[in-house]
Every structure is written in C-alpha cells, then in structure tokens.
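Me: I would like to go through this model with you, starting with the overall fold and then moving to details. Here it is.

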Amino acid sequence: MQVKFLGAAREVTGSCFVLASGNSRFAVDCGMHQGAQEVEQRNHNMDIYDAPSLDFMLLTHAHIDHCGLLPALVKAGFKGRIYCTLPTVDLLEIMLRDSAHIQEMEAEWASKKKARHGRFNKEVPLYTGLDVDRTLSLVNAVEYNEEFAPCEGVSVLYKDAGHILGSAIIEIRAGLNDSGQAKLVFSGDLGRPNQLLMRDPSRSEVADFLFLESTYGNRDHKDEDQSREELLQAIDYSYQSGEKVIIPAFALERTQEVLYSLYLLHQEGRLPRDMPLFLDSPLAIRATQVFSKHYRYFDAQTREIFQSGKDPLSLPNLRLAQSAQDSMNINSYNGPAIIISASGMANAGRIKHHLRHNIWKKGASIVFVGFQAQGTTGRKIVDGAESIRILGEELAVKARVFTINGFSAHAGQSQILKWVSGFYNPEMKIFLVHGEYENQSALAEKIREQLGYEVHIPEYLEECFLKPDRGYDARKPAREKQKEVNWDYVISELDEKINSLRLHEADLSAMSPEDQLKLRDDLLDLSSGISRVIAGIDSRDNSR
Ligand SMILES: [Zn+2]
Ligand SMILES: [Zn+2]
C-alpha cells in the first residue's frame, strides 16, 4: 500500500492523504490550502490529485481545511462516493456553499482588478455553487462505530474524534499486498478531553500505521475554566472603557464554544446586562442551528440542557447579523459590545471590518480563541505587530490583544500523548501530520522518549510505501515541485504599490521637507533592494 501526502504535511491546512491499495485508490480528506500565497496556489494545482482515478473519499469532518477542495476535485472529474457522519453532511453543505460563494466573489474581484490593468481575460473561480451541488449528490452518511466496506478489500470504521460536531477518527483495514492486511488509523483533528459540547475523543487500541495530528504538538492548553476567566477579563476591560470586544472565530465549533462559555458566564450573572453580543457571520449563525439540531451527538451535560428545553447556544442579549447591512450597523452602535465574527484567522470576511474600526482604539480588545497559521493577519497581531495592514489601510494596534488557547478544539501535547498511549502494539509506526514542523518535532521527541514509537514527519508530496512488517520506504518529492512561487502575483503586487504611489505624488510634494527627505531615502533603499534582486537574476543568467 502506498500513501501520498497532498497536504497537512508540515503545515496545518490542506489535509489530503491519497491511499492506493490493490486495485483501489482513495483519499482521506480533501482540504483547502490556506495561509501564505505560495501555499494557497496549491489549490489551483488539481492535476496532482488525479481526481478521475479516485474511487471514494473518506471525510473526517467539515472544517474547510479538510473538505474545502472537494468541489474542485469533483470539477476535476471525481465521481466516487464521499463518506462522512450524518451531522457532517449538514455542516458540509453550509461550509461548501459559503466557500463557493467566496471563490466566486474572489474571481470576480480579481477579474475587475486585472481589467483595471488592461487585461480582460476573466478569472475563473476555483469552483462554483454548481460544483457544490454535484459534490453534495455524492455524499453518503455513515454512523459512528458501524463498520462498512466502501469497496472490496477495504473496510472502514468511524469513531467520534470529539473535535467538532460530526468529527471522526477513521480506522481502515486494507490489503498491503498479497501478504495480508494492515490497519491504518487516521486521528483526524483530535478533540480536547472535557471540551464544552463535545464528547471526549474515542480510543483506538491497535494500528499498524497511525497518522496523527500535531497542531499543538509543542504545548498544552490552559484549562477551560481559566480561559473563561480570561474571556471575562477582556469583556470587563472593554466594558469599563466603553469599547468593543472583537472575537475572530471560526464559524464552525469555536463560535459555538464561545457562545456556550458566554451562556455559562451569563447563568452565573457575571456578564454586564447592557452589553449586547453580536454574532456577525451568516455561516456561524447557520452552523449554530445545525449544532442545535444534532444535540444528541454532544456530551451528557449539553444534552441535558437541551432536553430541559433550554438552548445553551443562545443568550438574551444575542443579536444575529445576517445581512451586510446588519453587519455595518454594528459599527455605528455606540457603547460597549461583544462582536463574534469570522474568519477565525482574521484574513478574510467581516471580521476585517470590525478590526479596522476597533484595533486602533485603546480600551478595545481583540480576543483570539483559535490557532493562527503562519502568514495570516491573526498571527501577525498575536505575534505583537505594532501596526497592521487591513483592507488597504495601515493601522496602529492599540487595542489589548488576548490569546486564549483553552478554547481549542484540538488536543494539547499531553492529551495527544495520553491518547497515543492507548495503543498497545509497540511495532506501530507513527506519521505526524497536520502541524507546523517545529511543533511536530517537539511532539516526535516526546513520543519517542515516552512511548518508544518510531515517528516520521512526511513532507508535502512525499510518498510512503507501507510494508507488511510495519516498515515503510519514503520517497521524497522532487525539490522544484515543493515550493512554487507565484511570480505573477508578487510582481503585480509591486506594480499596484508603485501605481498608488504615483497617485499620491501631489501629497508627497505637499509634505514638510524633512518628511520628504526621509520618505525619499526609504524609497531609494527599497529601489536598491529591487536592483539587487535583478542583479542576482542577471548574474545567474550569465553564468549559464
Ligand atoms: Zn478541524
Ligand atoms: Zn484541521
């Protein structure tokens, strides 16, 4: 059997593992690549998935970094069945429709931008609503803990991963070659024990090969109660100063967990009664409805609240902002308020507008409740940027920044180790996926030290041939395939900046002589930087 890592290899997005066993070829997840431009460029390289030859798809859960490329795969010729749990079916629909809408808007925006530069060929969206319709027609719901056979020679079992509603650990039994079967376990995104709403992650006990997520491989989370206290601190701080609390949150799961936390604070009488709570994300509003519909999948405590007729995902001062106009109205609301909006890493969506209106205000707070990937706006703010560019404007960061990691839907380091300690076959091989390399290395070290397993950290596009003795041969990808810089993007970004500089020429001339000299020197420095790059290219050309 052969496994190819088409994403979530030394990074947290783009989960996709393609398996080939006997005559069948199938995949676990098909997520969108998110973050730096070079990484997102991979979303447009669908050829390497060889979609028509994939027989079926096993989906762990409905987060976009696990399912977001499914419609692109279908567009590229995938016709097999997509297996996932019942709640995932509902969540998948709203996530993919939202994603298609974003793709269509972005393509339209890019086409307009190109037209302004005199290029009139239209940008094609990665996929559209029609591709989503076709994708949803391929979906097959499965129950937790009921084994099924998607094709001859392969059997599959879904177990609750306790990460988000409907999330799964996937166990696969398949033939390695003529000499028998192997059991592969994909942890998917692994939940945090005692997480609000969710049941604890199920245990797996035996595997020949374990594909283990490692998002928080290097650290533990604070506990949930402490995180709730921190959230309250942020709220009190901004309430006293009459400003707003901005919470960038993933629409799916994190939003509901924050709502639940606020519900608990409200029940304890600790939330200011005259501080409205805005949920400004149509996607998060819909996801919350799906959560309430499938409450039987939650832990005992949550089920009890629902069964008693109460809704722990709703508060008396909760206001839902559906339309763009509703969203804009929030900005003209005077006085303290809490605003939950997406995206969770602040690099897209309505949250950008709320940051633009509030990040420069002393007394406001920005509360991060989820993982911030490299290259995102959220990561820059968390890393302490003094100013940040949002919607074309450079803004000073004066709001207080809170990073609360106790709400995470991922297991922390000790929790991952504890989960892995539930396996009892010492020959098992572990492949670490879904984590940044530094975090993965830290986790690999701990696993080797404490549990004695052999650990491998595959690269993007690496292929591993799994052998019956639980060994494997790894084939590293060709170097040039690994990083593809989108030069067209880089150069047109520079172009755009020069153009806007030209538009500001009159403003420059109107500045004080000192300011003009300083800016001139800054620009000449940049210009000589570009000259150095060009000289570097020329000297390579000449040496050929
Ligand atoms: Zn996830
Ligand atoms: Zn994930």
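Me: How many helices and strands does the secondary structure of the protein come to?

Reply: The model is a predicted one, and its secondary structure comprises 18 helices and 23 strands.

Me: And what is the radius of gyration of the protein?

Reply: The radius of gyration is 25 Å, close to the 24 Å that the globule rule gives for 544 residues, so the protein is as compact as a globular protein of that length. Along the principal axes, the C-alpha atoms fill a box of roughly 80 × 75 × 50 Å.

Me: What percentage of the residues count as buried?

Reply: Of the 544 residues, 44% count as buried. As for contacts between residues at least 6 apart in sequence, 73% of them join residues at least 24 apart.

Me: Turning to the sheets, what is the strand order in the open sheet of six strands?

Reply: The order is β14-β13-β15-β12-β16-β19, with parallel pairing.

Me: Which strands are at the edges?

Reply: The edge strands are β14 (318-320) and β19 (400-403), each of which pairs on one side only. On average, neighbouring strands of this sheet are turned by 20° against each other, direction ignored.

Me: How many bridges join β12 to β15?

Reply: Strand β12 (residues 244-248) and strand β15 (residues 337-341) run parallel and are joined by five bridges. Within β15, Ser341 is the residue opposite Pro248.

Me: Which strands does helix α6 lie across?

Reply: Helix α6 (residues 224-240) lies across β12, β15, β16 (365-368) and β19, and runs at about 165° to β16.

Me: In which sense do β3 and β4 pair?

Reply: The pairing of β3 with strand β4 (residues 56-58) is parallel and extends over three bridges. Leu58 in β4 is the bridge partner of Val28.

Me: One last topic: at what angle do the axes of α7 and α8 cross?

Reply: The axes of helix α7 (residues 254-267) and helix α8 (residues 282-293) cross at roughly 75° and come within 9 Å. The two helices, α7 and α8, are therefore roughly perpendicular to each other.

Me: Which residues meet there?

Reply: Thr255, Gln256 and Leu259 in α7 meet Ala284, Ala287, Thr288 and Phe291 in α8. By class, this contact of α7 with α8 has four nonpolar, three polar and no charged residues.

Terms used
Residues numbered from 1 in each chain as written. Chains lettered and ligands numbered in written order. Predicted model: local features only at pLDDT ≥ 70, side-chain atom pairs only at ≥ 80, totals over all residues. Pairing = 2+ DSSP bridges. Helix = DSSP H or I, 4+ residues; strand = E, 2+ residues; numbered from the N terminus. Axes fitted to C-alpha atoms, helices over the stretch in contact; angles between N-to-C directions. Parallel < 35°, antiparallel > 145°, perpendicular 65-115°, else oblique. Contact = placed C-beta atoms within 7 Å. Nonpolar A, V, L, I, M, F, W, Y, C, P; charged D, E, K, R; others polar. Rg over C-alpha atoms; globule rule 2.2 N^0.38 Å. Buried ≥ 20, exposed ≤ 12 C-beta atoms within 10 Å, placed from the backbone.
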